[in-house]
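Please open the model in your viewer and keep the selection panel at hand.

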Amino acid sequence: MRGPVTELAYLADLPSAYVRSFRARITALPPGSVVLDRTYFYPTGGGQPSDQGTLRLADGSGVGVVDVRKSGPSVLHRLRGAADTVRRLEVGLELEGSLDWERRHRHMRLHTAQHLASARIFERTRLRTVRANLAGAAATIDLEGRLPEGELLRLAEDLRDAAEHPRPVSIRWIPRPEWDANPISERSGLVPLPAQIDPVRVVEIAARDVCPCGGTHVRTTGEIGPVRLSPAIDRTDGTTRVTLTLETSASTTPPA
Ligand SMILES: [Zn+2]
């Protein structure tokens, strides 16, 4: 069954990733969840975990959002809270959503760090990223082969440089035919872009990377903060795992 369409408001442009509270209307109430007409909560996908937070009624009573996922055109916000508050939710009601910003901003920092690292590794070694995953304060990058000697040291230098000389991050929407004629990003070509994606949302780190992505990113590489690299792990399937960990749990909160 196709549910109502939820506008993915966090996708529009880079500043939209910094919206931490918003108003939206309930369009459906599947068991234990709520569907809104628009949302700034990121639903799990592309290696980035979902946001968490709170949804509040006009009288200030709130329910927790513990998980967010896509279901067809809808975004389901899974709820945890007082039963009497949940019972008062009804289709058409306006709510105020607030994100757990510490968690979301950590994912933004990690996601941009992951793009930068995947791009720098590809630039030198031609190894593409098979999959990337963000969890807690760490990002893992699985590369399609073995990492040459000394590559992690060069990567650590790249990450230091990106912190000391911040590079702006931007988002562009490129019509699909234009993208297909000139796909720009070689490093992301391992998994073909699904045919229905049009336009293509492209995340660019100035002079470092261009990559199709539906995730949320920080405005500059300076906002990532210090990153620690763990020793690379050679996996039995022939891939190599590189792990980046944020050294500081909370960076200075940027203005919305
Ligand atoms: Zn991405």
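Begin with the entire chain of this predicted model. Among contacts between residues at least 6 apart in sequence, 68% join residues at least 24 apart. The chain contains four helices and 16 strands. Its radius of gyration is 19 Å, close to the 18 Å that the globule rule gives for 256 residues, so the chain is as compact as a globular protein of that length. Buried residues account for 45% of the 256 residues.

Next, select Arg 25 and Glu 94, which form a salt bridge with their closest N and O atoms 3.9 Å apart. Arg 25 belongs to strand S2 and Glu 94 to strand S8, so this pair ties together parts that are 69 residues apart in sequence. Arg 25 is partly exposed at 40% relative accessibility, and Glu 94 is partly exposed at 31%.

Proceed to Asp 51 and Arg 104, whose side chains meet in a salt bridge at 3.0 Å, N to O. Asp 51 is in the loop between strands S4 and S5, while Arg 104 is in helix H2, 53 residues apart. Are these residues buried or exposed? Asp 51 is buried, at 0% relative accessibility; Arg 104 is buried, also at 0%.

Now select helix H4, where Arg 176 and Asp 180 lie four residues apart, about one turn of the helix. Their side chains form a salt bridge of 3.0 Å, N to O. Arg 176 is buried at 13% relative accessibility, whereas Asp 180 is partly exposed at 46%.

Finally, display Val 130, Leu 190 and Val 191, which make a nonpolar surface patch of about 220 Å². Val 191 is in the loop between helix H4 and strand S12 and is exposed, with a relative accessible area of 58%.

Note on methods:
Residues numbered from 1 in each chain as written. Predicted model: local features only at pLDDT ≥ 70, side-chain atom pairs only at ≥ 80, totals over all residues. Heavy atoms only, no water. Patch = residues over 30% accessible without salt bridge, like charges linked within 9 Å, V, L, I, M, F, W, Y side chains within 5 Å. Areas by Shrake-Rupley, 256 points an atom, 1.4 Å probe, with all protein chains shown as cover. Salt bridge = Lys/Arg side-chain N within 4 Å of Asp/Glu carboxyl O. Helix = DSSP H or I, 4+ residues; strand = E, 2+ residues; numbered from the N terminus. Buried < 20%, exposed > 50% of the residue type's maximum accessible area, 1.4 Å probe, protein only. Rg over C-alpha atoms; globule rule 2.2 N^0.38 Å. Contact = heavy atoms within 4.5 Å.
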